[in-house]
Amino acid sequence: MTPPSPERALADFAATPAALPPAVRARAEDLLIDALACAVAGRHAPGRDGFDAAVRSLTGAGDGLVVGDRRAAPAGAAMLDAWQATALTMCDVYRPRLCHVTPPVLGAVLAAAGDATPMREVVSAFAIGAEVTVRLCDALPAEAFDGRRWHAPGVVGPYGAAAAAGALLGLDPEAMTQAFGGAGLHSGGSFATLGSPGVKLTQARASAAGLTAAELARAGHGGGAHALTAPAGGLYAAFGSGTAAADPRDRLGEHWSLDRLALRRWPASSSLQSLIEAATGASDASAHPRLEVELPEQGHALCAEMGWDDSLSAMQSARWIAAVSWLDRSFWVEQTSSARRDDERVAALARTVEVRLDPDLPQGGVRLRSAGKVVAEIDVPLGAPQRPLRREDVRGKLDRAAGPDAAAGIVAAVTGDGDVGALAALLAG
């Protein structure tokens, strides 16, 4: 028997949700709780009000769920929730492709679900969208992102968002295949926006694109059946060599990839999580150190020269993060506030931090020296698959973002047998 095409196999998987294995469901719940923590915190991110006004002017009013705010049209709600989840640089990352998986999926599922939708269905759709995203990341070669500098959430995010939204909208496999075709029409996004607010738009656009593709496919206006494999313009040809680097059909539905996502303990670049751990935990607490930071190729390329003119750039600046984490012995959003960035003591130290390349360090690793002495060396960042955040760690992020009482209710809603309406009430404030 001829196996189904990659497009149809993924469509069958997304359109016919099976009960999640217990370990997969638990992981999906943790990822959803983490994404909600990021979105709650992102409600107060710099520039959020302007983004909200612009999105609402484009999309209008509606009943789509927006975390921490009044409701909006579904496409606008998807954009706002995805943007909030990534705004403070604290969401997940699939390190092999530098892809932020959960923000586009979160926006799509919250916009596609109604208040009466059972939370178990939302968790299942969220898991499906994340799985499709990771499998399509693997299907494209690393050089599509490392060399050409495509931004992975914009390339594959629309597909994952379409899968998640389509699962909740009840698309059959044929319509889901067409939804993937529609998602492919929106696939793209350059990494040239790194360091600007536009880098967050990639995830927001991907979420709305996937939701739109699913809704249009439900109405009979989907794309072609070969969004991945078409020799002229399919995903593999447009962003790779024309063939899949890994077959997304391999053990689909049997083997899940959710535990390969890294979560971030702190609101900063995924390449600098180890630096924060090193600087906040180093035994040498000299107030006037001479700091030297060694980073692997990817972290060095993205973060070595970044300044700290605004909060977003500070979250991606190796020099600023080394200095403020060292002096404050902690790191959260307030360490990148304008008041903290205006502190000349921190800025003076940041200007003296030397950031060097060590290509032998593993991705995500760091070596930190003070006065020439190695004070910390970390090969695997906290939150990586090899050092995963525990549920209590994820809950700690939510506590800090929403407050302990609201956090307890949100966790209970995600892991319980209630519906989206109960969650929406907790997220309204």
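**Close-up views of the predicted model**

**View 1. The lining of the largest pocket.** Of the residues that line the largest pocket, 9 are nonpolar, 1 is polar and 2 are charged (Ala, Val, Leu, Ile, Met, Phe, Trp, Tyr, Cys and Pro count as nonpolar, Asp, Glu, Lys and Arg as charged, and the others, Gly among them, as polar). The model is predicted, and local features need pLDDT of at least 70, side-chain atom pairs count only at pLDDT 80 or more, and totals for chains, interfaces and linings use all residues. Residues are numbered from 1 along each chain as its sequence is written, and side-chain values use heavy atoms, with hydrogens and water left out. The lining consists of A45, P46, F51, W83, A87, L88, P197, K200, D310, S311, L312 and M315 (a pocket is an open set of points on a 1 Å grid over the protein atoms alone where a 1.4 Å probe fits, with protein on both sides within 12 Å along at least five of seven lines, and lining residues have an atom within 4 Å of a point). Two or more lining residues come from each of α4 (74–87) and α14 (311–314) (helices, H or I, of at least four residues and strands, E, of at least two are DSSP runs, numbered from the N terminus).

**View 2. The largest nonpolar core around L106.** This core holds 111 residues, and those with the most contacts inside it are L32, L36, L106, V109, Y159 and L235 (a core is a set of buried Ala, Val, Leu, Ile, Met, Phe, Trp, Tyr and Cys residues joined through side-chain atoms within 4.5 Å; buried means under 20% relative accessible area, exposed over 50%, and partly exposed in between, with a 1.4 Å probe and protein chains only). Helix α6 (residues 119–139) gives the most to this core, contributing 13 residues. Leaving aside residues up to four places away in sequence, L106 touches L32, A35, L36, A39, D81, A85 and F126 (contact means heavy atoms within 4.5 Å).

**View 3. Two loop residues with positive phi.** R329, although not a glycine, has a positive phi of about 55°, and R329 sits in the loop between α15 (318–328) and α16 (338–341). R329 is partly exposed, its relative accessible area being 27%. A371, also a residue other than glycine, has a positive phi near 55°, and A371 is placed in the loop between β3 (366–370) and β4 (373–378).
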